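Thanks for coming. I will go through one structure this morning, starting with overall form and ending with a few local details.

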Amino acid sequence: MMVKFVRTSLLIICITLPLSGCWDIKDINHRLLPVTMGIAKQGEEYEVILQIPQPTQNTTKIKIVKETGKTITQAIDRISMNMESSVELLHLRIIIIDKETAELGIADILSGFIRAREVSSKTLLVICDEELDSFFANVNGAMESENIAIFDFFEKDKGWTPHIVLTRVWEAFRSIHSYTIDVAIPIVASGESTIISHVGSAVMKKGRMVDRVTSDESLLFNTFHGEGAEGKIEVMDKASVLIVDSAVKNKHQFVDNRPYLQCQINIDVVILEAQKGATNEVIKNDLEKALSNRFKELFAKIQANKADILGLGQYYRSNIPRTKLKEWRTAYYPALTLDVQFHVDIRNEGYIKNPS
Amino acid sequence: MDKSLHVIVMYILTHLALIFFVYPGNIIDSTTQGHWAAIFIGVAVHFIFIYLYMKGLSFFPKKDLISIYFGAGKIVSIIFLLPLACYLLMINIITIRAYSEIITIVFLSNTPLWAIMALLLSISTFIAISGIETIFRTGILLMILFLPPVLFVFFASFQNVDWHYFLPLNSDLGFFAKREFYQSFFAFSGGFIFLGFVQPYFSYSRKKILLAAVALVPFFIFSVYIPILTFGQATASLFTLPYVVVVDTININWLMFDRVTMFFLLSLITFIFLFISLIQWKTVRIINKCIPAVNSVYVIVALSLFTYLVCLFIPNWKEVKNLFWWNSMLRFYILIAIPISVYMIGLHSKRGGKQNDG
Amino acid sequence: MDAILSEITNKFAENEDFFIERSELLDVPVFFLGFHSLIDLTKTKTNIQRNINHTIATKASLEDCLTLLGEEKNVEDAALSILEGKLIICLEVDSKCIVTAPVSKPLNRSIEPPTNENVLLGSLNSFTEELEANLGLVRKQILSEHLRSKSFTVGRTQKKKLSLLYLEDSTDRKLVQQVIKRIEANQEKAIQNIQSLAKALGFSSWGIVSKFNITELPQEAVFYLKKGRVVLFLDQFPAALILPKLLWDMFVLESDNNHPAPMMIALRLLRIFGALITLILPGLYVALVAINPEILQIELALSIAKSREGVPYPAFVEIIIMLIVLELILEASARLPKTIGPTITMVGGIILGQAVVEAKLVSNLLIIILAATTIATSTVIGFQNLLTIRLCKYAMVILASIFGVLGIISGLVLISAYLASIKSFSIPFLHIQSTKDEADHG
C-alpha cells in the first residue's frame, strides 16, 4: 500500500512539481525575431542594425532598428531594452557585414555567435559593399510592398543562382581555425531596379577579407565545388549556354615538397542562343578556352593572396605531416602548380538544330 | 525465457545516450590525428571485458552479480560490491548534473538547473521504483518512439562531411598520456554492468549481446569522426560538445522544423532517463542485499533525494569535469576488476564443482 | 409449510406487484408466488396445466410432475429466484418449494446493431442486457468444443450474475484460475459497475488505464477469446469485458482482418499515429509558441506570431481554455437526447470555428490544432481508451508549458513508463499476445 502511495505521489510530483516556474515562457508574439542583422565596426564600437519583420493584420511590416555597443550582445541588449518586446536572434537568417569590418576581420564576431548558440550556425554571411545605413534604407524601401525578400535571395529553392557563393557561419568559423581551407563570402549592394544586386565575392583568409572576385568567377568557384553550375547562363560573344551538370576530377601529386594539381572540370551544357556561324564546335572550343582562362585568373588572384578558398590544401593532408600542415597557406600553397582543363559537352541544342 | 531483445535494446539505448555527448569531445581532445586508434583501443577493451564478464556470468545461470559475490565470501563481496555501489552512485550524480547542464547549454537557457535536475530525477526514480521489468519494457517503447529520429539525424549529419579530413591516417600513441583518453571510457564502462544484474529476471544469449556491441561500433567511430570530417580537427577541438555543433549545421529544407538538433538531443535524453533509472535500480539492488530489512522503494527515494542534494552542491561545469576525472580511477577498477573477478570466481567454482563430482 | 410461505410473503409483502395465488394442481392445493411485473401469470398457468395434463397421460404421480416442472429449493434460494423472475409453486401439504420457469413479461430488447461502436465490415449483432442471450451470441460465433463458461452470483444484498468465458485450448490455465479465485474471494461484494468489478478483481481503482477491454460486438469478443483472453459478462451490462487488456488492443480490431494485409497495417499505423498526435500536438503548440520557437522555420514562426497578435493570455492558458470548452462540448453532446444534440454541435462549431478567433480570444492556428487533435483522438478503438488518451494529453500540455519540447519528450517517457509498469494477472500491459505459448514481443 505504501509502495503504491509513494509511486502515485511521485507521479503527481513529476507532473505538477514545477508548475510554479514559468522561466522560459514568452509567447512568440512577444518576441521580436529579426531575420537580417547588419554589423559594422566603428572605432571601438559595434554598430548593429536589425531588420525585424513585424506581423500586423494583413501584411508584414519590416522595421529597422539600429544601436551601438561595445559588443554585439550589448548593442542587442540595448535594442531589447528600448523595444516593446525582447529581441531574439533565434531566427536570424543573414548576417550582413560591412566591408571595412570584414577587412579588419570577423573572427571574434563569429566565435561569439557559435559560442552562444542563439544564432543558428546555419546563418548565411554576406558582405555589404556600401554603407550599411543606406543599404538597409534602400532595401527596405524596395521591399515595402513585398514580404521578407532579402533572404529569399539566398535560398536555394527560391532566388538563389549559382553566381552566389553561400557561406554559413559555421563554414566561416571553420576556415578561421582550419589549416587548409578558406571561404568566399558574397558581396551585395542595394540595386537600382531590383532589391539587391550581387557584385561578386569576397576572398576571406583566416576571417579577413583580402580581395574580391567577380560574379562570374564566383560561378567558377561554385562549379569547382560541384554544386554550382546547374542552370546558369554563360554568355559569350557568339552564344549563350545553360550549364546543366558539372563534375570535377582532381589528380594531386606532391613532389619535392611542391604540390601539383591536375584538375579536369567536365561541364554539360545546353545551347540557349547561338548567333549565325557559331557551330557547336566553335562554341565548345571558345567556351573551354574562356573558362580555363578565367579560372587561371581566379586562381592567380587567390594564390597571390595566399587564400585557399578552393580548399586545395585538403588534397595534401596525407602528404604533409600535421605539424607542417599549419604552414600550408604560407609555405606550400604559393608554390602550388595548378593545371586546369575544361571539357565541355553539348548535351542538346534545344528545338533548333545547330550545325556542328 | 529468452529475453535477449529486451537486453539488447537496453544495451544499445544506454550506450547511444552516452556516446554522443561527452565521448567525441574526449577523443578529439586526446589526440590530433588518427583518432581511429584511440577509438579502436577503447572498443577493443570494451569487447574483451564484456566477453569476459558474460563468460564469467554464464558459469552461474540464474544468479546475479550480487549473489555470485556473496557466494564467494564476505571479503570478496566487500572488495567488489562496495566500490561498485560507490561508482554507480557517482555515475548517477555525474550523469544527472552533466546532462542537466547540457540541457541548459543547448536549449532552455533560462530554466533553472534545479528544475531540470528534478525532472530528470523524478521521472527516472518513477521508472526505477516500478522495477527492472518496467525499465526494460519502457526501453522497448522508447526505442520504437525515439530511435528512428536518432538514426535519421545520425545519417543526416553526414550532410556536410568533407572526407579529406579523414587524413592523415597515421596515429601516434600520444593519447595514452592524455587525461581525456581515460575519461572517454565513460562511454564504455557505464552501460555494461547491468548485464550481471538482470539474470534472474531476463536471460539472454551472449552472442546477441556481442552482436549488439558490434552494431554500436559505427556509432562510436562516427560520433567522433563526423565532427572531424565536418570541421577539421583544429576547429572541432574547440567545441565542448562537438557532435551537437555538427547536428546544428544540418540543413534540411523540406522539414517543417529548423533546428533538428533539438529532436536528436531530446531523443537521446529519453535514453538518459532509462540509463539513470537502471543505475538507480542497480544501486538499490546492492544496498538492499546488504540491508534487506528496508523496503527498496524507500531506498530508491532516499537515494534520489541524496543525489539531488549532491547535484545541487556542484556549482559549475568545471567541477563536473573534475568529478568525472576522479571517477575514472573507479571506472577502470569497475571496467577491469569486475569482469575478471567474475570470470575467476566462475572458473574456480566450476573446477570445484567438478572435483566434488568426481 | 406455513412457515415457508409466511417467510417469503413477509419478505415481499410491501410490494404491490407481489402475488400469492391459491390454486390446485391435480387436486392438490398449491400456492403460486411471484411478481406480476416479471411474470405473465395467466399464460404461465395455462402452460403448467398443459404440462401436467400431458404428464398425467403417462400416469405419473404429482411428485414426478413437479420435478418435471422445476426443481425443489430451500427458502433462501426460492426468494432469490422470485427476484430473478421465476415462479414458485408451494405445496400446501408437505412444505415444498418448487421453482419453475414461467412465461416472462417481454422485458428484454432484441438483438440489435451496436450503438456505441461502428462496424465497417463485419457482423452487426451486438450484445444485449441479458446474460444468456450474450452467451448464446458468443456460442453462435465460435463453434468450438473448447469453449468453457462458468457462472457466479455475487453480492450479498444486491445480487448480480457474472459469467466467465474462455477457450480451453488457447487460454493460459493460470490466468483463468486467478480470475476465478479473485471472483470467488470477493463473492460477498456488491458488483454493480465496472469500477466495483475491477476492485473485486483486485485492481487499483486509481489507474488511468481501464483494466478491461469493453466491446459490444460478439465478433470482437470471440477474436479475443481466440487470442487467449478471458471474457466476462455482467448481467444487465450490454457488453463483454475482456481480461487482460493490452496496449495493442487500442489499435487492433478483428474486422481489420477483412481488409487486405497492407490496408490492415496502414489502418493500424494510422490509429497509432492518431494516438501520438493527440498526445503530442497540443503540447507541441504550447512548447513551440511559448518556449522553443527556434525550432520553427521563420516563415512558420512569423505566421504563428501573426495569428497570435492581440491574444491577451499566454499560450498555455489559451490552449487549456479551449481544450476544456471542447471537452464540454463532447460531454454535452453525449448527455443530450439525440434530438437536441445537433444544436450543441452547431453552437460549439460556431464558437470554436469563428467567434473565438474573431473576438481575438485565441489564435486561429490553435483552432486547427484542436480540430486535428479531436479528430485524431477518435481514431483509437474503444471509448474508454479514448478517455485515457484525452486525460494524458493534459499532462503533456502542462509539462510542455514548463519545459518546452523537453517536457513533451519527458511526458512521453513518463507515459511509456506508466504503461510499462501496468500488469494485470501478471501479464504486462505491453504484451502483444497472451496465448498459452507466451509469444512475447514486448
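A compact globule of 442 residues would have a radius of gyration near 22 Å, whereas chain C comes out at 29 Å. That radius is taken over C-alpha atoms, and the globule rule is 2.2 Å times the number of residues to the power 0.38. The C-alpha trace of chain C spans about 100 × 50 × 40 Å along its principal axes.

Before the rest, the ground rules. This is a predicted model, where local features need pLDDT of at least 70, side-chain atom pairs count only at pLDDT 80 or more, and totals for chains, interfaces and linings use all residues. Residues are numbered from 1 along each chain as its sequence is written, chains are lettered from A and ligands numbered from 1 in the order in which they are written, and side-chain values use heavy atoms, with hydrogens and water left out.

Staying with chain C, there are 15 helices and twelve strands; these are DSSP runs, helices being H or I with at least four residues and strands E with at least two, numbered from the N terminus. Of its 442 residues, 51% count as buried, meaning under 20% relative accessible area, with exposed over 50% and partly exposed in between, using a 1.4 Å probe and protein chains only.

Next, the aromatic rings. The whole structure holds 47 aromatic pairs over all chains. Rings of Phe, Tyr and Trp (its six-membered ring) pair if their centres lie within 6.5 Å; planes under 30 degrees apart are stacked, over 60 edge-to-face, and the rest tilted. Tyr316(A) and Trp328(A) are a stacked pair, at 5.5 Å centre to centre and 25° between the planes. Tyr316(A) lies in the loop between helix H8 (280-304) and helix H9 (322-325) of chain A, and Trp328(A) in helix H10 (residues 328-332), so the pair ties together parts twelve residues apart in sequence. Both Tyr316(A) and Trp328(A) are buried.

In chain C, the rings of Phe223(C) and Tyr224(C) have centres 5.4 Å apart and planes at 50°, so this pair is tilted. Phe223(C) is buried at 11% relative accessibility, and Tyr224(C) is buried at 4%.

Last, the backbone. Most residues other than glycine have a negative phi, and most peptide bonds are trans. What is the peptide bond from Leu243(C) to Pro244(C), cis or trans? It is cis, with omega near -20°. Pro244(C) sits in the loop between strand S10 (240-243) and helix H9 (261-291) of chain C. Lys206(A) has a positive phi, near 50°, and is partly exposed at 39% relative accessibility.
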